[in-house]
Amino acid sequence: MDFFTAMEVIASGLSAQRTRMNLVSENLANAQTTQTPEGGPYRRKDPIFQSAPLAVPFDEVLAGSAADAVQTVEVTGVVEDTDPPRLVHDPGHPHADANGYVAMPNVHVVEETVNLLMAARAYEAGVTALGSVKAMAERAISIGS
Amino acid sequence: MNPLYGVRPVLPQALPTGPRPASGPGFSDTLRALVETAASTDAQAGARIDRFATGAPGELHETAISVTKAEIAFRLLMSVRNRLLESYREVMRMGM
């Protein structure tokens with residue numbers, strides 16, 4: 001347990017938020033995609049986060065000092081939103097069904113923008129925490145001088 | 001009459017003659033460990049910078065964090081080294 005531990009934990013959080021940012025970008029990019037390789041319109045995706053204990057060196061486990069091991073975050077999977085697709089009447093569209101309705105992705109651009117902001121803010125918070133950890137380490141080094 | 005008659009040594013003057021205490025992990029070992037930590041974190045940071053510069057997939061913040069770790073390890077090493085040199089000079093200035 002040292003300053004580097006905090007950095008590892010923050011790094012996992014930054015990775016998780018970057019994954020989320022990637023998925024939000026994907027959702028926004030595919031907001032009008034009516035056909036996917038799997039068939040049907042694009043469905044919006046969400047990352048699933050799960051906490052996981054930080055990998056600690058074996059000697060720390062033996063010494064018992066790993067008991068207060070902190071939890072990092074990891075992305076365990078990506079789920080598709082099960083909301084039904086939005087139906088838009090557009091008989092001329094090549095992907096329209098027999099009644100002339102086109103199934104549009106269940107992506108709401110406003111919602112995705114909010115997710116984007118949340119991911120960006122969470123990332124910023126992680127970077128700020130990292131800066132604080134670095135400042136603390138530097139203060140600790142300058143003790144007594 | 002000896003004017004210094006009343007003056008007696010307050011402590012026995014004999015210097016300890018026994019064997020010197022067995023040398024455990026000394027300061028040089030600590031310093032060496034610090035140097036090794038600084039060198040390995042620096043090597044890691046260098047490898048990550050290389051990977052980033054050559055476009056290998058990876059997290060940008062991991063690179064930045066590696067560089068920060070290397071910086072902190074090096075600062076700690078320099079701080080300990082400065083403290084060591086300071087105390088050495090202090091000893092050298094000591095009047096005999």
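Tutor: Happy to! Helices here are DSSP runs of H or I with at least four residues, while strands are runs of E with at least two, both numbered from the N terminus. Please keep in mind that this is a predicted model. Counted that way, chain B holds two helices and zero strands.

The pair to look at consists of helix α1 (residues 27–53) of chain B and helix α2 (residues 60–93) of chain B, whose axes come within 8 Å and cross at roughly 155°. Angles over 145 degrees count as roughly antiparallel, and α1(B) and α2(B) are therefore roughly antiparallel to each other. As for hand, α1(B) and α2(B) make a left-handed crossing. What lies in their contact? Its residues divide into 17 nonpolar, three polar and four charged.

Of the 96 residues in chain B, 17% are buried. The chain exposes about 7,900 Å², and carbon and sulfur atoms supply 63% of that area.

Buried means under 20% relative accessible area, so Ser12(A), at 13% relative accessibility, counts as buried. Apart from neighbours within four places in sequence, Ser12(A) is in contact with Thr72(A) and Val73(A).

Notes: Residues numbered from 1 in each chain as written. Chains lettered and ligands numbered in written order. Predicted model: local features only at pLDDT ≥ 70, side-chain atom pairs only at ≥ 80, totals over all residues. Heavy atoms only, no water. Buried < 20%, exposed > 50% of the residue type's maximum accessible area, 1.4 Å probe, protein only. Areas by Shrake-Rupley, 256 points an atom, 1.4 Å probe, with all protein chains shown as cover. Contact = heavy atoms within 4.5 Å. Axes fitted to C-alpha atoms, helices over the stretch in contact; angles between N-to-C directions. Parallel < 35°, antiparallel > 145°, perpendicular 65-115°, else oblique. Left-handed = near helix turned anticlockwise from the far one by under 90°. Nonpolar A, V, L, I, M, F, W, Y, C, P; charged D, E, K, R; others polar.
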